[in-house]
Structures are given as structure tokens and as C-alpha cells.
Amino acid sequence: MSLDLEPPTRQPLELLSTRDRTLAVPDKSNRLATTKSGGKMVAQYWENIFTAKERGKHVVWYNGTALNPIFQAAGLEWCHGEAFSARLAAMHLEGPAQAAGEEYGYIGELCSYARTHLGCAVMTQKGITEKQSGIVGMVDQDELAAKLPSPDFFVNAYAGCSTGQQWDAMTYRVFGKEFPIFNVSLPMIWGNKPDAGYLRGKEWETTPKYVEEQLKKLIEFIEYQTKKPFDWDALSENMYYIKRASELRLEAMALCAAAPTPATYWDWVASIAPINFLPANQMLVDYFQAVKDEIQQRIIDNVSAVANERYRVYFDGIMNWNKLGWLTRKFAEFDVAVVAGRYTHDSFWQEPDLIDVDNPLLGMAQHYLICPINHGLKIMEELLIKRCDEYGIDGIAFHSTRTCRAMTNPQHILAKTAERDRGIKSFFFEGDVADASFYKDDQLESGLVAMLETIDMQRARALV
Ligand code: SF4
């Protein structure tokens with residue numbers, strides 16, 4: 001099978017007013033069907049978590065780094081803070097948790113993932129106090145935000161963000177310091193030495209070993225908490241499935257270099273939860289095989305993810321979960337295929353070759369350090385240019401993620417780098433991970449239209 005790598009058809013951009021476009025233009029996005037099965041797997045995962053205490057399971061709360069293969073091997077049930085906050089936001093159910101967090105004293109400028117999850121902790125703690133059951137949801141079974149099972153302990157291993165590093169410590173306080181907490185320190189990869197680069201240089205060779213030692217200590221801590229020896233064979237097995245799922249995911253992503261693209265960034269956003277925290281098993285592998293199969297079939301059938309793709313855009317910034325469907329349609333409305341992004345393409349087990357199934361801890365440590373907010377600028381620039389070249393990017397949408405400074409900090413320099421090195425234009429719009437009030441639709445539309453006009457002018461000049 002050969003890929004059509006021709007640039008998309010160049011046609012002038014027709015500008016309509018916001019109202020005309022929103023009301024008159026049909027949905028031109030064509031999302032993958034297979035991601036729906038991922039959605040079902042995620043829903044089942046959370047339903048299972050809600051009954052963890054009834055089943056006598058140990059529950060760990062954590063955020064950031066994907067430590068779940070370790071938790072799974074230890075027979076724990078794991079609750080990932082951002083994942084639950086994102087789920088609430090995607091379902092537009094984050095309000096009660098955010099109100100609870102605000103009432104407790106967390107201001108609106110705090111990361112909305114953390115704010116939502118801390119609100120869940122407040123509601124969970126309230127459930128314990130009022131019912132002494134340890135099972136949240138007794139206060140109000142209808143409130144999804146209040147259904148998390150209370151933790152038996154916390155594990156914090158957050159890369160690249162001071163909020164993330166303190167988030168579990170705050171949750172620990174909300175629970176009256178009654179449950180133990182273990183911290184794994186993930187140092188920033190500065191990447192500022194002459195030999196430094198992505199996955200290379202002395203700093204890269206030494207730092208993961210420091211993290212690997214801490215992972216060994218984490219496993220000792222878990223053994224102490226569960227009073228059970230850790231199952232190292234189970235960890236190897238879990239990492240086998242993660243590695244295979246990751247390979248399939250990357251192969252499928254690579255197919256999207258085709259123009260028009262058979263799948264978009266929004267499909268990869270829909271596939272974050274499976275790769276980031278679902279149990280490692282054959283179902284996970286089957287899911288990514290199905291995603292890849294559908295993409296391959298679309299290429300054979302000449303089916304594109306955006307009708308009349310004319311612009312290929314890269315998305316920088318964490319996902320705005322309240323607006324996933326909205327943004328999918330919005331960009332497609334302007335014939336824009338959002339093809340790749342920093343959040344989707346440079347996170348989540350994105351270097352499967354680093355995983356040694358027989359001795360997985362070092363490869364895991366390496367992945368925890370290559371979180372896209374844990375690099376210095378030099379490496380971020382390298383990765384951005386690499387992705388722009390791989391996917392034939394025309395422009396960049398910078399989601400200025402209001403309460404996530406970690407992702408937003410380098411964006412203006414990255415915009416200049418893309419323009420300087422590749423002549424790639426960009427625009428910025430405001431929004432947030434889990435707080436819809438920060439999103440400004442007019443700002444997105446005016447910025448996007450201005451960027452597309454500039455791209456049109458560049459193309460016209462190139463033809464002269
Ligand atoms: S500010 Fe950003 S990186 Fe930090 S915890 Fe929140 S979402 Fe994560």
C-alpha cells in the first residue's frame with residue numbers, strides 16, 4: 001500500500017462571519033469509529049473503580065506519570081487525578097467538584113485538573129465523615145464527582161510542573177494526613193549542554209538511573225502497604241502489552257502523514273485514556289490494532305478525516321476537554337485537519353523501543369522523564385520541527401491553556417522557532433483543560449482565520 005503524500009489541494013479561503021459559519025456549515029469532520037470502543041473501555045474502567053472498596057481492593061490515588069503498570073502488577077486499583085478531572089469536564093460534570101474545591105479555598109487560577117480533583121477529594125472525604133463507609137457516593141449517588149473510592153495511599157510522581165508535584169500533598173492534607181504518601185522525584189531534563197538532545201547526551205544517560213532507583217523504592221513502599229510481595233513477572237507482562245499497544249499506536253499515527261489525513265489529532269485525543277491508564281492487557285493491544293486497521297482501510301478507500309482538507313495544523317497545548325467535539329467541528333469547518341500535537345504525539349509511551357520487557361524499570365523511568373513539559377527549550381524545539389516535517393504542517397494552533405503554565409510557558413518561543421526555521425505561521429487562543437469559562441470562541445476564530453489567510457498569501461506568492 002502506498003501513501004499519497006501530495007500536498008492538499010490549494011484553494012482560496014472563503015470567509016464567512018462566525019454566525020454564518022456556525023449555523024450554515026455542516027459538520028465536515030469524520031472521526032474514527034473505533035475510538036468509540038475505547039470510550040466504552042474507559043467507562044467500564046471507571047465503573048469498576050467506583051466499586052473497588054466493596055470488592056475489598058486497595059486503592060491508590062496518583063497523578064501525572066503513568067505508574068499504572070506498577071499498580072496493576074501489585075493488584076491495586078488506581079485512580080488517576082487528571083484522568084478523572086478530564087472525564088468530568090468532557091461530560092460537562094465538573095461543576096460540583098470545582099465548586100467544592102472553591103468552597104474549600106482553591107482559587108480559580110489553580111490548575112483546573114487539580115482544582116477539580118481536590119474538589120473530588122473534599123467530596124470523598126465528606127462521604128467518609130458522614131457515612132464512615134469509605135465508599136463515596138453515599139452522600140449523593142447521582143454526583144459522579146463524589147463517587148471516587150477513598151484512597152489507601154497516594155503516590156506522586158509528577159514531571160515538569162510544580163502544581164503537579166504538590167497536588168497529591170494537598171490531597172493528603174484534605175484527607176487529614178491519615179493515608180501515607182510516597183513521592184517520586186522526576187528531575188527536569190534541561191538539555192542545555194552541547195551534547196544534549198532528545199534521548200541523547202550525558203544528562204539523558206544518567207538521570208533515568210536516578211529515577212529507576214526511586215521506582216524500586218516505590219515498589220518496596222507498595223509491598224509494605226499491601227503486605228504482599230511484588231509480582232515482577234506481572235510487571236513484565238504488563239509492559240509487554242504496553243509496548244505492543246504503543247507500537248501499533250505509533251504505526252497508526254505515522255499513517256497520518258498521508259494527505260488528506262485519514263485521522264486527526266482529535267482521534268488521538270480520544271485514544272489518550274486507553275494508552276495512559278487503562279489496564280495493560282490484550283484488549284488494549286486489540287484496541288490500537290483496530291484503530292490502525294481502520295486508518296489503513298481509510299487510506300485504501302480514500303476516506304479523509306476532514307472533508308476538503310486544505311490546511312494541516314499542529315496543536316500545541318493540553319486538550320480542552322470541555323470542547324473536544326466543538327473544536328473537532330470548528331477546525332474542520334475551515335477545512336483544517338489538525339494532524340498532530342505535542343500532547344498526543346510526545347507523551348504516553350511514545351518511545352516503545354526504550355521498553356525492555358524483561359527488565360522494564362529503566363525504560364519506564366525514561367518515559368516518565370520525556371513528558372513534553374519536562375524538557376528544556378532546545379529539545380522542545382527539536383521535537384516541534386520534527387513533527388512539523390513528518391506531518392507536512394502548514395500552521396500551528398497554540399492553545400494558551402490558562403491554568404496550565406507548564407504547557408504554556410515556552411509557547412511564544414516555539415512559535416518564533418517554527419516561523420524562523422520553517423516559515424510556519426501560528427496563532428494563539430485561550431482555553432483551559434477543565435474549566436470552560438476560559439475558552440473564547442471569537443478569539444479562536446479570528447486567530448485561525450488570520451493564520452489561514454497568511455498561509456494563503458504564502459502559497460500565492462510561492463506560485464508567482
Ligand atoms: S498545571 Fe498543567 S502540568 Fe501542572 S498539574 Fe495542571 S495540567 Fe498538569
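## Ligand shell

In this predicted model, the shell around the ligand is made up of nine nonpolar and two polar residues, with no charged residue among them. The residues concerned are Cys-111, Tyr-113, Tyr-158, Cys-161, Gly-164, Trp-167, Ile-318, Ile-373, Thr-403, Cys-404 and Ala-406.

## Packing of helix 2 and helix 12

Helix 2 spans residues 35-50 and helix 12 spans residues 282-301. Their axes come within 9 Å and cross at roughly 155°. Angles over 145 degrees count as roughly antiparallel, and helix 2 and helix 12 are therefore roughly antiparallel to each other. The crossing of helix 2 past helix 12 is left-handed.

On the side of helix 2, the contact is made by Thr-35, Ser-37, Gly-38 and Met-41; helix 12 contributes Met-283, Leu-284 and Tyr-287. By class, the residues of this contact comprise four nonpolar and three polar ones, and no charged residue takes part.

## Aromatic pairs

The count of aromatic pairs in the model comes to 28. One of them involves Phe-50 and Phe-84, whose ring centres are 6.1 Å apart. The planes of the Phe-50 and Phe-84 rings stand at 80°, and planes over 60 degrees apart count as edge-to-face, so this pair is edge-to-face.

Phe-50 belongs to helix 2, whereas Phe-84 lies in helix 4, which covers residues 81-90. The pair therefore ties together parts that are 34 residues apart in sequence.

Definitions and conventions: Residues are numbered from 1 along each chain as its sequence is written. This is a predicted model: local features need pLDDT of at least 70, side-chain atom pairs count only at pLDDT 80 or more; totals for chains, interfaces and linings use all residues. Side-chain values use heavy atoms; hydrogens and water are left out. A residue is near a molecule or strand if one of its heavy atoms lies within 4 Å of it. Ala, Val, Leu, Ile, Met, Phe, Trp, Tyr, Cys and Pro count as nonpolar, Asp, Glu, Lys and Arg as charged, and the others, Gly among them, as polar. Axes are lines fitted to C-alpha atoms, for helices over the stretch in contact, and angles run from 0 to 180 degrees between N-to-C directions. Helices (H or I, at least four residues) and strands (E, at least two) are DSSP runs, numbered from the N terminus. Angles under 35 degrees count as roughly parallel, over 145 as roughly antiparallel, 65 to 115 as roughly perpendicular and the rest as oblique. A crossing is left-handed if the near helix is turned anticlockwise from the far one by less than a right angle, and right-handed if clockwise. Contact means heavy atoms within 4.5 Å. Rings of Phe, Tyr and Trp (its six-membered ring) pair if their centres lie within 6.5 Å; planes under 30 degrees apart count as stacked, over 60 as edge-to-face and the rest as tilted.
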